[in-house]
Amino acid sequence: MSRTTAIIAGLTLAALAGDAGAQQSQQTYRDSSGRVTGRSTTDSQGNQTFSGPDGRTTGRASTDSQGTTTFRDSSGRVTGTTTGPRR
């Protein structure tokens, strides 16, 4: 699996596993050698912010009341969506 594919897979799983009722939480992603490849922060509303290993924001994800998660790049452009169960 390529590094980019692993990062996307990790971010997608993090977005789908987020708990909207939880307080802010942070997750660190590492490659098979233990190097940090990125981080995510989930706020109390379930919105996620993703950053690279340098700390710069690389994107955001938010889930609406219908269960659709929208992914945006660091400039706010929509890069994808996924639909899951309602929260």
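**Notes on salt bridges and strands**

1. Aspartate 31 counts as partly exposed because its relative accessibility is 22% (buried is under 20% relative accessible area, exposed over 50%, partly exposed in between; 1.4 Å probe, protein chains only). Its side chain meets that of arginine 35 in a salt bridge, 2.9 Å from N to O (a side-chain nitrogen of Lys or Arg within 4 Å of a carboxyl oxygen of Asp or Glu). Arginine 35 is exposed, at 54%.

2. A word on provenance: this is a predicted model, where local features need pLDDT of at least 70, side-chain atom pairs count only at pLDDT 80 or more, and totals for chains, interfaces and linings use all residues. Residues are numbered from 1 along each chain as its sequence is written, and side-chain values use heavy atoms, leaving out hydrogens and water.

3. The structure holds 3 salt bridges. One of them joins arginine 56 to aspartate 54, with the closest N and O atoms 3.2 Å apart; both residues are exposed.

4. Aspartate 73 forms a salt bridge with arginine 77 at 2.8 Å, N to O. Aspartate 73 is buried at 17% relative accessibility, whereas arginine 77 is exposed at 54%. Aspartate 73, in strand 5, is also the bridge partner of glycine 59 (strands are DSSP E runs of at least two residues, numbered from the N terminus).

5. Strand 4 and strand 5 pair antiparallel over 5 bridges (pairing needs at least two DSSP bridges). Their hairpin has 4 residues between the strands, and glycine 67 in the turn has a positive phi of about 90°.
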